[in-house]
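Please keep the sequence and the model in view while reading.

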Amino acid sequence: MGEAKFSQEPIDLNIPDNYVAWTLKHQKPLPPITWSNWWKELNTLSVAILILVPVISIYGVLNVPLCWQTAVWSFLYYFITGIGITAGYHRLWAHRSYNAARPLEYFLAMAGTGAVQGSIRWWSRGHRAHHRYTDTDLDPYDARRGFWYSHIGWMIFKPRIKPGVADVSDLSKSHVVRWQHRWYLQLIIGMGFILPTVVAGLGWGDWRGGFFYAGAARLCVVHHSTFCVNSLAHWIGETPFDDKHTPKDSFITALVTVGEGYHNFHHQFPVDYRNAIKWYQYDPTKWFIWACSKLGLARQLKTFPDNEVRKGQLTMQLKRLRETQESLKFAPDPNELPVISWESFQEQSAKRALVLIAGFIHDVSSFIDEHPGGRHLIAKHIGKDATTAFFGGVYDHSNAAHNWLSMMRVGVLSGGMQHGLDDKSVPPSQRLRIARYSELCLNSASTSWSEDEGILG
Ligand SMILES: [Zn+2]
Ligand SMILES: [Zn+2]
């Protein structure tokens with residue numbers, strides 16, 4: 001059973017370079033789901049499982065008393081089967097983020113089967129497509145189609161467009177993956193229902209509680225917990241590493257998904273065995289893998305270079321700072337200010353309060369009475385160069401004062417000062433600026449052309 005499907009050759013070996021566009025152009029989507037055809041388009045098996053499990057759980061909750069031992073066991077078994085998915089299906093098989101010893105592989109395969117989410121091979125294939133085609137029509141759980149589609153909708157109806165190709169030929173070589181595929185049905189019944197029931201039954205005589213709580217209700221919770229990685233993790237939270245796509249980092253998502261909530265990080269660095277990189281962030285799956293490595297059960301835990309991770313963080317920080325920068329007003333561009341002769345400066349100073357500082361002419365009329373040092377200190381410099389007085393001669397003004405002064409610039413004195421080369425002519429708030437590479441290219445191009453040793457030299 002299933003052996004023939006395990007191809008050793010990568011399935012995506014010969015796909016065209018423009019695969020996504022090519023596929024969307026050539027694949028004829030199934031007809032849209034309407035009131036007249038929806039029942040023919042249902043994924044019957046998934047729908048049956050997704051309805052039966054909650055119905056059985058609700059029946060159990062209403063009719064079977066919950067004893068504390070069963071409550072503890074259900075919670076524990078939720079964690080065990082959840083870890084089977086997160087540390088096993090997801091981080092070990094779908095992403096190959098570490099190597100597991102054979103006993104750990106069997107444990108994870110069995111625990112993961114108890115979460116009843118399809119075989120490792122099927123699950124990994126879908127998940128790899130999700131990473132490769134995130135936020136495109138070839139993403140099986142495309143988050144752009146809304147919360148409910150990515151949570152559960154994609155399993156209820158047959159997909160209109162087939163998910164993009166993703167290679168899982170590496171998994172074909174795994175003994176455990178093949179074993180699980182072969183015995184999948186028996187394992188589901190055993191791990192999903194018999195084991196949780198038997199533990200509670202033999203342990204403290206609660207056979208019914210074992211079945212309804214540790215079996216059905218626990219399965220219902222573990223289902224929606226995993227589904228949240230496709231829905232909630234693409235829905236709420238922050239984007240500290242990249243905002244090109246929908247994945248987000250959120251403590252709430254981490255809490256309900258056994259630590260898979262740092263999904264913004266995960267989509268940027270999918271081969272990293274961690275989801276959370278800070279020690280205080282909630283990622284029990286990472287702690288589990290790490291503990292296994294200390295016990296000699298896991299090896300070669302992969303992490304992305306910290307330098308590259310921090311680059312992503314810096315980019316997002318700069319992006320936010322740029323938004324702040326753009327929301328503020330800065331001094332007028334010196335190149336756009338009128339160039340004024342000494343004579344004209346003198347003439348106009350007689351009519352309004354103009355002061356020359358660092359080569360710029362400032363109109364201080366509206367400020368002169370507000371000057372913390374007193375009106376007189378400005379008044380005596382009207383029509384004069386107050387550079388030395390401003391920069392320490394009388395009082396070494398604060399950076400805030402320098403920034404504010406620059407807002408009063410109305411002109412540049414002809415031959416006054418070479419702008420941009422002296423700290424005095426650049427307000428402190430503009431000495432470090434966030435610029436797009438295209439803006440930087442323009443500046444550096446103009447500098448190299450004006451240099452004596454430029455390309456003509
Ligand atoms: Zn995702
Ligand atoms: Zn993933």
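1. UniProt, in an unreviewed entry, lists residues 343-414 as "domain: Cytochrome b5 heme-binding". UniProt positions follow the numbering used here, feature names are shortened, and annotations may be inferred rather than shown by experiment. The model is predicted: local features need pLDDT of at least 70, side-chain atom pairs count only at pLDDT 80 or more, and totals for chains, interfaces and linings use all residues. Residues are numbered from 1 along each chain as its sequence is written, while chains are lettered from A and ligands numbered from 1 in the order in which they are written.

2. Over residues 343-414 the chain is 33% helix and 18% strand, where helices (H or I, at least four residues) and strands (E, at least two) are DSSP runs numbered from the N terminus. The end C-alpha atoms of this stretch are 10 Å apart.

3. An open sheet of four strands has the order β3-β6-β5-β4, with mixed pairing; two strands pair if DSSP finds at least two bridges between them. β3 (339-340) and β4 (354-357) are the edge strands, each with a single partner, so one side of each has no neighbour in the sheet.

4. The axes of helix α2 (residues 44-63) and helix α10 (residues 207-230) come within 9 Å and cross at roughly 135°. Axes are lines fitted to C-alpha atoms, for helices over the stretch in contact, and angles run from 0 to 180 degrees between N-to-C directions. The angle makes α2 oblique to α10 (under 35 degrees is roughly parallel, over 145 roughly antiparallel, 65 to 115 roughly perpendicular, and the rest oblique).

5. Which residues of α2 meet α10? Among them are Val 53, Pro 54 and Ile 56, and the α10 residues they face include Phe 212 and Tyr 213; contact requires C-beta atoms, placed from the backbone, within 7 Å.

Methods. Two residues are in contact if their C-beta atoms, placed from the backbone, lie within 7 Å.
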